[in-house]
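Subject: Structure handover

Hello,

Here is the structure I said I would pass on. Please open it alongside this email and follow the notes below.

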Amino acid sequence: MEPSLGDTSARQSAKGTRPRSEITDEWDGRTFTLTSLAVLPDQRGRGIGKQLINHLLGTRTEERAVLSVQPTALETQSIYRHLGWRQVGRNGPLPGVTPPRWDVYVLECLPRLNPDS
């Protein structure tokens with residue numbers, strides 16, 4: 001039987017690089033969830049998304065951030081990878097949710113704002 005993402009045994013993650021427990025273990029202050037971010041189509045390619053993410057995450061005190069991306073959103077996934085996010089798995093199927101599966105990304109070292117910014 002395949003373990004769930006919540007399994008804290010020493011089994012390896014889907015990518016085979018880290019034990020699942022290092023990804024799934026949680027405690028207060030560990031993880032910030034970026035729920036939704038969008039840039040208007042005519043404003044894309046100007047670095048606005050990067051600025052928004054860096055400013056938002058630069059104000060956070062958590063150790064890392066997570067987000068979910070539609071598996072078919074290849075351009076969006078490419079942007080997140082370029083910004084240092086790493087795909088750690090896929091969740092789902094999620095009943096009543098479209099699409100039923102989402103790719104999960106983590107950014108393990110949050111940017112910190114310069115106090116003079």
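**What was found**

Pro111 lies in the segment after E4; helices (H or I, at least four residues) and strands (E, at least two) are DSSP runs, numbered from the N terminus. Pro111 is partly exposed, because its relative accessible area is 24%; buried means under 20% relative accessible area, exposed over 50%, and partly exposed in between (1.4 Å probe, protein chains only). The C-alpha atoms of Pro111 and Gly58 are separated by 5.0 Å, although the two residues are 53 residues apart along the chain.

Before the rest, two notes on the source. This is a predicted model, in which local features need pLDDT of at least 70 and side-chain atom pairs count only at pLDDT 80 or more, while totals for chains, interfaces and linings use all residues. Residues are numbered from 1 along each chain as its sequence is written, and side-chain values use heavy atoms, with hydrogens and water left out.

**Overall layout**

The protein chain has 3 helices and 4 strands. Read from the N terminus on, its elements run α-β-α-β-α-β-β. Of the 117 residues of the protein chain, 28% count as buried.

**The strands**

Start with strand E2, residues 64-69, where 5 of the 6 residues are buried. Strand E1 (residues 31-33) pairs with E2 in the parallel sense over 3 bridges; two strands pair if DSSP finds at least two bridges between them. Within that pairing, Thr31 has Arg64 in E2 as its bridge partner. To get from E1 to E2 the chain passes through helix H2 (residues 48-58), and this β-α-β crossover is right-handed. Right-handed means that, with the strands pointing away from the viewer, the path from the first strand over the helix to the second runs clockwise.

E2 also pairs with strand E4 (residues 102-107), here in the antiparallel sense over 5 bridges. Val66 stands opposite Val106 in E4. E3 and E4 are antiparallel too, and pair over 5 bridges. There, Gly89 has Val104 in E4 as its bridge partner.

How many of the residues of E4 are buried? The count is 6 of its 6 residues. In a regular strand the side chains alternate between the two faces of the sheet. Both faces of E4 are covered: Trp102, Val104 and Val106 are buried on one side, and Asp103, Tyr105 and Leu107 are buried on the other.

**The core**

The largest nonpolar core has 12 residues: Phe32, Leu34, Ile53, Leu57, Ala65, Leu67, Val69, Tyr80, Trp85, Tyr105, Leu107 and Leu110. Such a core is a set of buried Ala, Val, Leu, Ile, Met, Phe, Trp, Tyr and Cys residues joined through side-chain atoms within 4.5 Å. H2, E2 and E4 each supply at least two residues of this core. Its largest share, 3 residues, comes from E2.

The largest pocket holds about 700 Å³ of space. Of the 27 residues that line this pocket, Leu37, Val39, Thr76, Ile79 and Tyr80 are the closest to its centre. A pocket is found on a 1 Å grid over the protein atoms alone, as an open set of points where a 1.4 Å probe fits, with protein on both sides within 12 Å along at least five of seven lines; lining residues have an atom within 4 Å of a point. Grid points are joined across faces, edges and corners, and the volume is the space filled by probe spheres set on the points.

H2, E2 and helix H3 (74-82) each supply at least two residues of the lining of the largest pocket. Its largest share, 5 residues, comes from H3. By class, the lining has 13 nonpolar, 10 polar and 4 charged residues.

**The loops**

Thr72 lies in the loop between E2 and H3. Thr72 counts as exposed because its relative accessibility is 67%. Thr72 and Pro99 are 27 residues apart in sequence and 9.4 Å apart in space, C-alpha to C-alpha.

Pro99 lies in the loop between E3 and E4. The peptide bond from Thr98 to Pro99 is cis, with omega near -5 degrees. Pro93 lies in the loop between strand E3 (86-91) and E4. A cis peptide bond joins Gly92 and Pro93, with omega about 5 degrees.

Regards

Definitions and conventions:
Nonpolar A, V, L, I, M, F, W, Y, C, P; charged D, E, K, R; others polar.
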